[in-house]
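This report describes the fold of one protein chain and the packing between some of its elements. Please look at the sequence and the model before reading on.

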Amino acid sequence: MLTLPNLLTLSRICAVPLLVGLLWWPQWAAGYAIAFALYCLMGITDYFDGYLARANGAVSRLGVFLDPIADKIMVAAVILMLVGTRDIAGFSIIAALVILLREIAVSGLREFLAPLHVSVPVSKLAKWKTTLQLVSLGALILAGALPHAPWIATVGLASLWGAAVLTLVTGWDYLRVGLRHMD
């Protein structure tokens, strides 16, 4: 159970409070810089936990369970902090809400379908959505570290909206699969 891939996944979950703490003060550029480095490290461990588990035949039920939860915890925490610090503000809060609500809805849908032995595989478009989402949040964190480069925040917000659009498309795809199994 305590394989290297699972420990990497658990490390991402344990790092979230530190990430939140570093983002707590929006005027602390050094905190945002450290948060950006930590966020990137968490992204790297997200890649390697899955890679190592598959490469070493160490895929476990615990890992399959924890990995998407770790991702959702990290994304939700970062979105909440960036909204709280007003790095995501105005109409862009709608994009953030779309992402958060889709994550909750898809998690509920997977939970509903599990006893029916219906799996909802992750599509290529959903992987692009995740990539764009992670890039957008990373850019918004980096923008806090480099306040003299406002174009980074613009890239982050544009990417956030792109991720929100893909979130709606992939959320609808998942919902269509789920509706086939509802009374």
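Predicted model: local features only at pLDDT ≥ 70, side-chain atom pairs only at ≥ 80, totals over all residues.

Residues are numbered from 1 along each chain as its sequence is written, and side-chain values use heavy atoms, with hydrogens and water left out.

**Whole chain**

The protein chain has 6 helices and 0 strands (DSSP runs, H or I of at least four residues for helices and E of at least two for strands, numbered from the N terminus). Its pattern along the sequence is α-α-α-α-α-α. Along the principal axes, the C-alpha atoms fill a box of roughly 50 × 35 × 25 Å. Buried residues (under 20% relative accessible area, with exposed over 50% and partly exposed in between, for a 1.4 Å probe and protein chains only) make up 39% of the 183 residues. Of the contacts (heavy atoms within 4.5 Å) between residues at least 6 apart in sequence, 77% join residues at least 24 apart.

**Two helix pairs**

Axes are lines fitted to C-alpha atoms, for helices over the stretch in contact, and angles run from 0 to 180 degrees between N-to-C directions.

| Pair | Axes come within | Crossing angle |
|---|---|---|
| Helix 2 (residues 29-55) and helix 3 (residues 61-84) | 11 Å | roughly 160° |
| Helix 3 and helix 5 (residues 124-145) | 11 Å | roughly 40° |

Helix 2 and helix 3 are therefore roughly antiparallel, while helix 3 and helix 5 are oblique (under 35 degrees is roughly parallel, over 145 roughly antiparallel, 65 to 115 roughly perpendicular, the rest oblique).

On the helix 2 side, Tyr-32, Tyr-39, Met-42, Asp-46 and Asp-49 meet Asp-67, Asp-71, Met-74, Val-78 and Leu-82 of helix 3. This contact of helix 2 with helix 3 has 6 nonpolar, no polar and 4 charged residues (Ala, Val, Leu, Ile, Met, Phe, Trp, Tyr, Cys and Pro are nonpolar, Asp, Glu, Lys and Arg charged, and the others, Gly among them, polar).

Helix 3 also touches helix 5: Met-74, Val-75, Val-78, Ile-79 and Leu-82 of helix 3 are in contact with Gln-133, Leu-134, Leu-137, Leu-140 and Ile-141 of helix 5. That contact has 9 nonpolar, 1 polar and no charged residues.

**Phe-65**

Phe-65 lies in helix 3 and is exposed, with a relative accessible area of 52%. Phe-65 and Gly-50 are 15 residues apart in sequence and 12 Å apart in space, C-alpha to C-alpha.
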